[in-house]
Amino acid sequence: MGEKTNEKEAQFEDHQHVEVSEELPPELEALLQTEPLKGLSEAEVAERTARFGKNEISEKKTNPILKFLSYFTGAIAYLIELAFILSGVVEDWIDFGIIGGLLVINALIGFIEESKADAALDALKNTLALKSRVFRDGRLQEIESSELVPGDIVAVRLGDIIPADARLLGISVDGSEAEVNLQVDQSALTGESLPVEKKRGDTIYSSSICKQGQMLAVVTKTGANTFIGRAANLISITNEQGHFQKIVNQIGNFLVVITLTMVVVIFIYLILRRKAEVDKLSKTDVFDVLRDVLVLTVAAIPVGLPTVMSVTMAVGAKQLAAKQVIVKRLTAVEEMASVSVLCSDKTGTLTLNKLTFDEPYLKPGYTKEDLLLYSYLASEPGANDPIEMAVRTAAKRDVPLLADCSGHTIPGFKVASFVPFNPATKLTQATVVDHHAGETFRVAKGAPQVIVKLVGGDAEATHAVNLLARRGLRALGVARTMPGDMERWQLIGMISLLDPPRPDSAETIRRCESMGVVVKMVTGDQLIIAKEVAARLGMSRAILDANSLTDPDATDTQLADRCLHADGFAQVIPEHKYRVVELLQSKGLLVGMTGDGVNDAPALKKANVGIAVHDCTDAARSAADIVLLAPGLSTIVDGILTSRAIFQRMRSYALYRITSTVHFLIFFFIITLAFRWQMKAILLIFIAVLNDAATLVISVDNAQISRNPDKWRIGQLITLSVILGCFLTALSFAVFFVARDVFHIPDDAGKQSEDDTKDGRMETIIYLNVSSAPHFTIFSTRLAGFFWENLPSLTFTAAILATQVFAMFISIFGIKNLTTAIGGGWGVSLLAVSLAYFVVLDAVKVFVFRMWSFELTVKLWPTRARKERLRHKKERLIIDERVRMNVARIRAISKAISAADAFAKAGRGQLPR
């Protein structure tokens, strides 16, 4: 009696499919009252086309000339262009040609690398249907999909690509009520792993695919107003300056300020000095001063910085290509090193986007093999339905009897008759002859509700299906008739189906998190499915739905905090994915995004690093910065490791180059003003070209890969550069004074190069010091710790030493019109001092790094944003300390209670019985 009661009480839970919907404005709603079998008239179509435009995604093409010219912008570029103009003014045509060539080459590299960045819109256009069947003027006709307007009546049938957003009318093309609801595959748009059932009044979206049924629908939105059109619009408006370009500009701004300030002061001083030497300044005098200042400017400008950075990133891109990771935007190599949050799409990225047999529910006496065998017998041969394919694949894999069978022939069994799936009955049936047992039976497979009803009810099975549904698993019931009775059915079990995680997804997430990269799932699929997949991947189940992103009562800061603390979001649309990335970026984080569908394209473009996975859509591939050619996400870890190695090399070069520039400017600024001493222009250029050329090999140097996301820390970088530059300046002045005052080498102050009385040795001594001492500093700037913790590569060491040995030899022996011979003693001694001095600078560097803190950054480089971040950090530390103390108190109380309980139990144990 109790069992019957339970069976009556047991009911299947109805899990509502959640889909984003929106209210149409009344004026648009009024246009949708078209008579279904009549359609719009030509006049109405013309009026609405003029009002809403064509049903296509408009393109915004950038003028290629303007795009090319944009590569001549930026702080360092402006400084180089100034030098270019000045060299023309003073008729220094050699420098004019060299500088002009550098400008054009740098611009060409950038233009060629990124000229195809806007191809995402073309890919989105290719997903739209080309032809549509539509009622117009009372007859059904085929027209170009671009000619559709709101209010048009379109016919949708099996296999059609939906041409525009439309509302289903629930009737067929003959006006009768539609027999079945539509099954629509919108996985590329929303990320849902299964086809979605659409009934009368539901909206079907442009570019989704009809998988079952046929029905009329009235067009509600076209072109840029459709679901996919809004995604295209998000891509077209996302054109922000990259993180790397911002960093280069910040470095450039600093160098521009100090270079221009010092050069202008030196120019004014030299003009005044020249005026004091002659009664009246001539045009030649001004041009001579300008030429001297120009050379100093060109030598100080890090003209090689963009080139060295580009070569370093290009080498990294080549290394990644060997691991089947294609880099589309070169600067993404650097930005990937700083990514601290990786937002990942679920369907097709973390999962296989393929329904797979999961752990089933079995009735006593039956095994998994039995369940799969009977379900295979009730499967439709050759059906492309994802559920049928999942069942057949699992059966052939796990049932030995089916492993070698061809077609639908099963050894020992014969399917006498087969009734295919019918949307009305929601099951398939087969009559089977078992040759071994000498019996005939029927087997059925279908919706759990139908199968449970077929067997007369089963409370336990109903509860099992409900549990599966709560976890987001799709269930199918399988039953067969009793032996000897073709009308009485018995339940065999319930198949459970899920789009499973990729084999390497969980390990990839674990490795990312071990490297300080937090992985968040962002999917258009249902919340319960997202939580189940998250649990299987070892992620926390703190997955929120889209409503948490559209809360009108929450501020942007509060929404950003939600994004920061959530493990993911479900039931989102492309705008939501875009918003998640935007909110995380507002917290100062560099965000990576992985995806494969049209719905991921806007977020891929918005992210600092967009990563399109294997087998992605054209839209995702075009919007991404990096494309994975191998299945799975494991290559992302390779990408992170490689990019961090590249970052360390680039940061090393930047620190070295800024230090060199600071040293160069401060030394020549002071020595020119205080001692009226100048170096030959050709030697200044020689230092800049020779040293920058040698540092190109930094792209193959050994690198110390950090355990956490890398940061440039511009304040720290510039401060350390200034400190090291000052130390190098002190060394250069020490060499100058020792040579002049101890070894009595004439300083030739105020003498021109053509002066016959000029000794020339001091110029060569200072040349060798200024060339070698900053150059050897790169051995120290390679890493944050002491230089011996990670020794440089042999190629890198050889290239750096070779340039300075060359400089030493031309200083020792001298070259006519270039250097004056100083002898082996001076040459070897200067090189040895420079080599030893980098060890001193290494100790200074380590001391600065160890003393540095974010609080010190705020004191030295105060900005409103930094002050706010520091305040939040301090507040967070206070909260964390309170939590720690409260946890400690709770643990102490818990221990005391446990101890008291133990004493009480011990006391009771001693009492006489």
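**View 1. Helix α25, a mostly covered helix.** Of the 42 residues in α25, 34 are buried, where buried means under 20% relative accessible area, exposed means over 50%, and partly exposed is anything in between (1.4 Å probe, protein chains only). This is a predicted model, so local features need pLDDT of at least 70 and side-chain atom pairs count only at pLDDT 80 or more, while totals for chains, interfaces and linings use all residues. Residues are numbered from 1 along each chain as its sequence is written, and side-chain values use heavy atoms, with hydrogens and water left out. Helices (H or I, at least four residues) and strands (E, at least two) are DSSP runs, numbered from the N terminus.

How far apart are the end C-alpha atoms of helix α25? They sit 61 Å apart, which agrees with the 62 Å that the 42 residues of α25 (residues 634–675) should span at 1.5 Å a residue. That expected span is 1.5 Å times one less than the number of residues.

**View 2. A patch of negative charge on the surface.** Here Glu42, Glu44, Glu47, Asp137 and Glu147 gather together. Lys and Arg count as positive and Asp and Glu as negative, with His and the chain ends not counted. Patches take residues with over 30% relative accessible area and no salt bridge, joining like charges within 9 Å and nonpolar side chains (Val, Leu, Ile, Met, Phe, Trp, Tyr) within 5 Å. A salt bridge would be a side-chain nitrogen of Lys or Arg within 4 Å of a carboxyl oxygen of Asp or Glu.

Look for Glu44 in helix α3 (residues 42–52); at 34% relative accessibility, it counts as partly exposed. Asp137 belongs to the loop between β1 (131–136) and β2 (139–144). Asp137 is partly exposed too, because its relative accessibility is 44%. Its phi is near 55°, a positive value in a residue other than glycine.

View 3. Accessible areas come from the Shrake-Rupley method with a 1.4 Å probe, and for residues only the protein chains shown count as cover. Helix α10 (residues 243–277) gives the largest share, four residues.

**View 4. Arg713 in its loop.** You'll find Arg713 between α26 (681–694) and α27 (714–742). Arg713 isn't a glycine, yet its phi is positive, about 50°. With 46% relative accessibility, Arg713 counts as partly exposed.

Technical notes:
Charge placed at Lys NZ, Arg CZ, Asp CG, Glu CD.
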